[in-house]
Amino acid sequence: MPRASLSLRTISIRSVVRLQITDARSTVNHMVHYQARLDATFAALSDVTRRGVLEQLGASDASITDLAEKFHMTLTGMKKHVSILEQAGLVTTEKVGRTRTCKLGLRRLEEEAAWIEKHRQLWSARFDALDELVEQLKRKEKTNAQRKRR
Amino acid sequence: MPNAKEDSAAVMNRTVVERKSDFEFVVTRTFNAPARIVFEAWSKPELFTRWWIPKSVGMSLVSCDMDIRTGGTYRLVFSHPDFDQPMAFFGTYKEVTPHKRLVWMNEESDQGAVTTVTFEENDGKTLLTFHERYPTKEALDEALAGSAEGLPEQFAQLDELLAAGS
């Protein structure tokens, strides 16, 4: 099935985040504000390593050093990825002593999930209606074919 | 990671929405019918209008003209109790390949989208891919914000309507 890995990963991340969505409506009211930020979100999610980092942080917080090791990367390389995720609001970092700890920035993920879900609902409704109609057309064609044979 | 078995079982009735880039989004769904039937539902005005706008939105169709051939034009006019004026959607079909591909260009403004719909038949089923590309990301954001507003709570009604009609 031709599906970008973005949606696969988004769905798995979404299932973690779903419980956090308490008021989708208020999120929608903030649509104007978050649409601009969504562009950064989607750009951040377009990279396989960064999606991996999000999944990792979904399991537990980690330092940049931990993440660099896990993804076989240099510290500098991982810092860049984390910085992009941070700018998109997907990750927050906090420096304690000499260690920078990364954790999921859940708020942004909620909005991301709400955006996808909203459009999926609209198109689901539309395509459910199309599905129904297609079934009717199929039945009609079958009936007509049977009549002809008689 | 998603379970592959689960994926294939759920694939039939699942509508997948993806935002491919700043300018475009894609919706896919598989229908349990040959491509010519699914195509028919997209290309005959009297059929198209039966599913394109969920009835629960409260819009009514004033007129629907679809000259479905390459270079032909379309014009759909809807009215809604909340609007003073009816709303018109119009543009040109850039490509019409029966049972395979439909491309149309919205011409309501210079920010109009190009929509490509493909029908891929496999084993009596049709994978439908709806792809919409906007000239700017602002145009996409605006279009999606408009189309998604106030709909979800109406879907229960739509389900009832479809169940009653079958």
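Read from the N terminus, chain A of this predicted model runs through its elements in the order α-α-α-α-β-α-α-β-β-α, which comes to seven helices and three strands. Of the 150 residues in chain A, 31% are buried. Among the contacts in chain A that join residues at least 6 apart in sequence, 61% are between residues at least 24 apart.

The three strands of chain A form an open sheet with antiparallel pairing, and their order in that sheet is S1-S3-S2. Strand S1 (62-63) and strand S2 (91-96) of chain A are the edge strands, each pairing on one side only. Between S2(A) and strand S3 (residues 99-104) of chain A, which run antiparallel, there are six bridges, and within this pairing Thr93(A) has Cys102(A) of S3(A) as its bridge partner.

Helix H4 (residues 48-59) of chain A, for its part, lies across S1, S2 and S3 of chain A and runs at about 90° to S3(A). The axes of H4(A) and H6(A) come within 10 Å of each other and cross at roughly 75°; because crossing angles from 65 to 115 degrees count as roughly perpendicular, H4(A) is described as roughly perpendicular to H6(A). On the H4(A) side the contact is made by Thr49(A), Arg50(A) and Val53(A), and on the H6(A) side by His81(A), Ile84(A) and Leu85(A). Taken by class, the residues in this contact are three nonpolar, two polar and one charged.

Leu45(A) has its place in helix H3 (residues 31-45) of chain A, and it counts as buried because 25 C-beta neighbours lie inside 10 Å, where the threshold is 20 or more.

The largest nonpolar core has 25 residues, and the members that touch the most others are Leu130(A), Leu133(A), Val134(A), Val27(B), Val38(B) and Ala41(B). Two or more residues each come from helix H7 (106-149) of chain A and, in chain B, from strand S1 (16-19), strand S2 (24-31), helix H2 (35-43) and strand S8 (125-133). H7(A) gives the most to this core, with eight residues. Leaving aside residues up to four places away in sequence, Val134(A) touches Phe31(B), Ala33(B), Ile37(B), Val38(B) and Ala41(B). Apart from this core lies another, of 16 residues, including Ala44(A), Leu45(A), Leu54(A) and Leu90(A).

A hairpin of four residues joins S1(B) to S2(B), and Arg19(B) has Phe25(B) in S2(B) as its bridge partner. In a regular strand, side chains alternate between the two faces of the sheet. Both faces of S1(B) are covered, with Val16(B) and Glu18(B) buried on one side and Val17(B) and Arg19(B) buried on the other.

Methods: Residues numbered from 1 in each chain as written. Chains lettered and ligands numbered in written order. Predicted model: local features only at pLDDT ≥ 70, side-chain atom pairs only at ≥ 80, totals over all residues. Buried ≥ 20, exposed ≤ 12 C-beta atoms within 10 Å, placed from the backbone. Contact = placed C-beta atoms within 7 Å. Pairing = 2+ DSSP bridges. Axes fitted to C-alpha atoms, helices over the stretch in contact; angles between N-to-C directions. Parallel < 35°, antiparallel > 145°, perpendicular 65-115°, else oblique. Nonpolar A, V, L, I, M, F, W, Y, C, P; charged D, E, K, R; others polar. Core = buried A, V, L, I, M, F, W, Y, C linked by C-beta atoms within 7 Å.
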